[in-house]
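Please look at the sequence and the 3D structure shown here before reading on.

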Amino acid sequence: MIYNFYLFNRHCNCIYYANWQNEKDDENLNTKNNDMKWEEEAKLVYGVVYSLRNLCRKLSSVNGVPEKSEKDDDKIDEDRGFLSYKTNSYKLHYYETASGLKFVVCSDPRTPNLQDMLHQIYRDIYVEYVVKNPLYHSDNDYINNTLFKNKLHEFIKSQSK
Amino acid sequence: MTISSLMIINKAGGLIYQKGFSSTPSKLDSNEYLVLAGTFHGVHTISTRIAPVPSSGIEVIEASTFKLHCFQTQTGTKFIMTTDPEQTRVELYLKKVYEIYSDYVMKNPFYTPEMPIRCELFDVNVLRYIKSINESS
């Protein structure tokens, strides 16, 4: 079961949001049941994953892997990054691409690691239908691409049966 | 399978105890640990706000090289352990550490609640307990 999906670009903006908790929310994204607008929620989510990413980077230097030098600090480090966190009722998965895009998915807590699924969304859906779209030129806008939206929806549905 | 460190955060987000158990010396200084504890405390609270369904705070964080487990007591004190990714049954260990904390910190008449823990008996007993786990696995 997948609850929602956020996509952030490297300028920290949320460029796509989807929610599968309640089917009729699809048309009406701005009103969520817990009275927080999704834009506000997306900012909190970004803050959380950003802080945890830094926290994991700091802590992993304590847990055996040597600290990298300062100039490598901004580079994406897939070897020791933050992957997911879990609470008693949901699990948040995080995947960052080399270009700084951040994919975040919330699912139910029993879900295994979804890194591969997020990578697949990036490779087969984002790159195919957003990057290769000739009309898409600014990476700072919200993705209003029906094909992307539908494909993502289909993909998530097929995954969370 | 090893437990590499233990942290205790009070209900206000202040770090009151930190101990590393791995043989390699820690590269972070005490200020950095204070910042990390504060960050974790904040993120723990926000994680209940952004929950798609009503939820408690963070229980486990998975990173590629380690796992971080958090146990929050009824009074808001958080016990945090970092372990390697394969370590199991950490919830149990955290509860046991909470027991040791109750016995040797809370029952210590010279301890001021919410302040940094400087109790020799707690140190000794925690160290003994963690060592026994690390050696048995």
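How many residues does the contact take from chain B and from chain A? In this predicted model, chain B gives 34 residues to the contact and chain A gives 36 residues. The size of an interface is often given as the accessible area lost when the parts come together. Between them, chain B and chain A bury about 3000 Å², and 65% of this area lies on carbon and sulfur atoms. Of the area that chain B buries against chain A, 22% is supplied by B:I50, B:P52 and B:E62, which is more than any other three residues supply.

Between chain B and chain A the count of salt bridges is 2, and one of them joins A:K58 to B:E32, with 3.8 Å between the closest N and O atoms.

Within chain B, two helices pack against each other. Two packed helices are described by the angle between their axes and the distance between the axes. The axes of α2(B) and α3(B) come within 9 Å and cross at roughly 160°, which makes α2(B) roughly antiparallel to α3(B). The crossing of these two helices is right-handed.

| Helix | Span | Residues in the contact |
|---|---|---|
| α2(B) | residues 90-106 | B:Y93, B:K96, B:V97, B:I100, B:Y101, B:Y104, B:V105 |
| α3(B) | residues 120-136 | B:L121, B:F122, B:N125, B:V126, B:Y129, B:I133 |

The residues of this contact of α2(B) with α3(B) divide into 11 nonpolar, 1 polar and 1 charged.

Terms used
Residues numbered from 1 in each chain as written. Chains lettered and ligands numbered in written order. Predicted model: local features only at pLDDT ≥ 70, side-chain atom pairs only at ≥ 80, totals over all residues. Heavy atoms only, no water. Axes fitted to C-alpha atoms, helices over the stretch in contact; angles between N-to-C directions. Helix = DSSP H or I, 4+ residues; strand = E, 2+ residues; numbered from the N terminus. Parallel < 35°, antiparallel > 145°, perpendicular 65-115°, else oblique. Left-handed = near helix turned anticlockwise from the far one by under 90°. Contact = heavy atoms within 4.5 Å. Nonpolar A, V, L, I, M, F, W, Y, C, P; charged D, E, K, R; others polar. Buried area = accessible area lost by both parts, 1.4 Å probe. Salt bridge = Lys/Arg side-chain N within 4 Å of Asp/Glu carboxyl O.
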